[in-house]
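The following note sets out points for a colleague examining this model. Please read the points beside the sequence and the coordinates.

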Amino acid sequence: MGKFSLYVQYAQEANTDETVYIVPYSELASKISGGDGISRDGLIDLWNTEHAKASKAFEGVAEKMWSDIFAAIAAEKETYVSLPRDVLEIYVRCQDRDKVYELLQFLGQLGKNIQLNFDSLRKLLRKFDKKAHNVLHVSSELLPNLYSSNFVTGKFAIESSLDVIRDFLELDDVASSHSAPPDVDVPIVPSLAAKKDEMDWFRENVKKSDSKEMKTVVAHRGFHDIDDDSFIRPLENTLTAMEYAWVAGVSLCECDVGLTKDEQIILAHDIDFSRLSLDNYDNMSTKAVSELTLSDIIALPLKSGARPPLLVDVLRSAKAIGKHAKLVIEIKPGNSEIVEPLLHLFTRHKNLLEHVAVVMSFDLYIMKRLSESLAVLSIGTFLPRGSISSFYNPFGRQSTLVLPQSSMKKSNDGIFKMPSLFLITESNPSRPHQGMFADMTCSESREKVENALDDSSLDGVYIQYQEEMITKFEAGSSLKDMSLTYKIGVWGLRTDPDNFSTNKKLVANAGISYVNTDFPRSFFDS
């Protein structure tokens with residue numbers, strides 16, 4: 001089963017109340033590809049039936065939502081002469097925050113399911129046209145029906161409604177209003193000398209290393225303690241971990257991001273904070289990040305005494321430290337709901353974009369969506385959220401005459417560099433696959449990866465470390481050839497070599513641009 005089919009399956013399983021109809025993509029796709037396939041007339045009848053079901057379901061859900069909103073604000077007389085946006089503003093003012101959060105999540109999920117239905121119906125036509133080589137394409141006949149669907153045009157209304165709620169909640173800037181800094185380690189007196197010694201060691205070694213070679217080094221989750229202590233080094237994915245690395249002279253820090261219930265993007269590697277929480281008996285620490293609000297996050301101290309930072313806080317620190325400070329952001333597989341809030345952050349904080357070097361994921365579907373959406377932001381002026389989206393671009397990225405993501409584009413406010421977009425692959429057959437399996441020492445695997453990058457308009461790939469990359473000339477040379485077209489990063493397991501010497505060999509032998517490290521004490525040893 002392909003990645004997209006899995007997404008549809010997950011959406012169907014999550015749709016327990018069946019309030020939103022989800023087109024059964026896998027079932028319909030098998031009818032097209034199985035045996036002799038399906039006739040053109042048969043496909044048109046089947047497609048029209050599914051299209052009608054999706055349209056009718058959306059109409060029912062939208063009508064119920066607005067009925068509930070009007071019922072909740074019935075006492076407000078001005079609602080009867082107001083436009084939809086005004087009615088929604090009245091609703092969010094009158095309701096408590098829990099109700100507003102519920103509506104935010106509902107609209108977000110509704111938008112996600114609409115996206116899936118749109119993609120399913122479009123992909124089915126494409127699949128049929130590719131198989132029926134000599135038959136008049138059905139896409140040209142049915143796509144106009146799809147693009148004029150109520151659920152497709154309704155996406156505009158959903159985006160506008162989400163903007164109203166986000167503006168009301170002041171999602172990006174609320175944390176900045178708190179007087180307390182978002183991430184300050186609690187001092188532990190007995191370890192002050194050891195902590196200072198660790199920082200001195202780190203700064204001195206970075207300073208005496210070749211600055212050009214250090215530009216390929218990526219501080220994995222920042223400069224952190226891999227054993228989850230905060231006595232000597234900061235905790236992973238904290239503001240302090242990133243700032244320590246940047247101030248010492250390391251340009252790149254990798255971080256993982258998650259999305260809270262109220263659509264805050266925070267730094268988080270795990271599904272919850274039980275591993276890093278100061279009090280792992282606290283109910284909040286065992287709740288999924290997606291179930292927490294910003295208020296919950298503020299009340300959730302980690303082992304260092306700090307709270308998990310917002311992504312926007314980390315980017316603001318990077319800007320304050322200097323132009324060299326940049327993030328490599330990883331989106332965990334299945335977190336497709338983070339795409340829109342991330343784009344919202346990029347649009348709202350254009351001045352922080354230069355501090356995002358790479359956005360990446362094991363999840364090809366997420367990266368494809370992000371690529372299509374960022375393509376819109378790459379053209380001329382940065383557009384306000386909801387005014388245009390890749391969802392409404394029927395011809396895909398190429399119709400917009402987009403240059404590569406890494407190109408410079410000018411807006412009314414200046415010039416901004418779009419982040420590079422990477423797919424992450426893995427090469428260990430004994431490890432549970434999170435994404436695409438690719439033995440990068442094998443020409444067939446490299447070709448498979450290159451095809452995926454081309455199809456999704458991505459800039460590069462983050463591959464799992466393999467010893468052959470530096471021990472076998474042919475493998476290294478092939479990767480170096482690939483690096484002429486795509487940027488390549490390398491990540492590794494704790495059992496893999498983690499030292500500056502290996503880093504240099506990967507850069508020299510295989511043309512690698514980024515290499516993750518946890519900076520063990522042996523990292524700078526000759």
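1. Arg221 is placed in the loop between S1 and H10; helices (H or I, at least four residues) and strands (E, at least two) are DSSP runs, numbered from the N terminus. Although Arg221 is not a glycine, its phi is positive, at about 60°. Arg221 counts as buried because its relative accessibility is 14%, where buried means under 20% relative accessible area, exposed over 50%, and partly exposed in between (1.4 Å probe, protein chains only).

2. On the basis of the note: this is a predicted model, in which local features need pLDDT of at least 70 and side-chain atom pairs count only at pLDDT 80 or more, while totals for chains, interfaces and linings use all residues. Residues are numbered from 1 along each chain as its sequence is written, and side-chain values use heavy atoms, with hydrogens and water left out.

3. Arg233 also lies in the loop between strand S1 (217–220) and H10. With a relative accessibility of 7%, Arg233 counts as buried. Its side chain makes a polar contact of 2.7 Å with the side chain of Glu198 and reaches the backbone oxygen of Asp518 at 3.2 Å. A polar contact is a pair of N or O atoms within 3.5 Å; within protein, one must be able to donate a hydrogen and the other to accept it, and residues adjacent in sequence count only if both atoms are side-chain atoms. Leaving aside neighbours within four places in sequence, the residues in contact with Arg233 include Trp201, Phe223, His224 and Phe519 (contact means heavy atoms within 4.5 Å).

4. Phe519, one of those contacts of Arg233, belongs to the segment after strand S12 (514–517). Phe519 has a positive phi of about 50° although it is not a glycine, and at 0% relative accessibility it counts as buried.

5. The largest nonpolar core has 135 residues, and Leu311, Leu327 and Leu370 have the most contacts inside it. Such a core is a set of buried Ala, Val, Leu, Ile, Met, Phe, Trp, Tyr and Cys residues joined through side-chain atoms within 4.5 Å. Helix H5 (residues 97–131) gives the most to this core, with 13 residues. At least three residues come from each of domain 1 (4–169) and domain 2 (192–381 + 415–517), with bounds taken from an automatic or database domain assignment. A second, separate core of 12 residues includes Val218, Leu252, Ile424 and Tyr462.

6. Which residues of helix H13 (residues 311–321) are buried? They are Leu311, Val312, Asp313, Val314, Leu315, Ser317 and Ala318. Their cover includes helix H10 (239–248), strand S2 (252–259) and helix H14 (339–348). Gly322 follows H13 and has a positive phi, near 155°.

7. Helices H3 (residues 40–72) and H7 (residues 150–169) pack at an angle of about 35°, with axes 9 Å apart. Axes are lines fitted to C-alpha atoms, for helices over the stretch in contact, and angles run from 0 to 180 degrees between N-to-C directions. From H3, His51, Ala54, Ser55, Phe58 and Glu59 meet Asn150, Phe151, Gly154 and Ile158 of H7.

8. Ile69, also in helix H3, is buried, with a relative accessible area of 2%. Beyond its neighbours within four places in sequence, Ile69 is in contact with Val87, Leu88, Tyr91 and Leu103. The C-alpha atoms of Ile69 and Leu88 are separated by 7.7 Å, with the two residues 19 apart along the chain.
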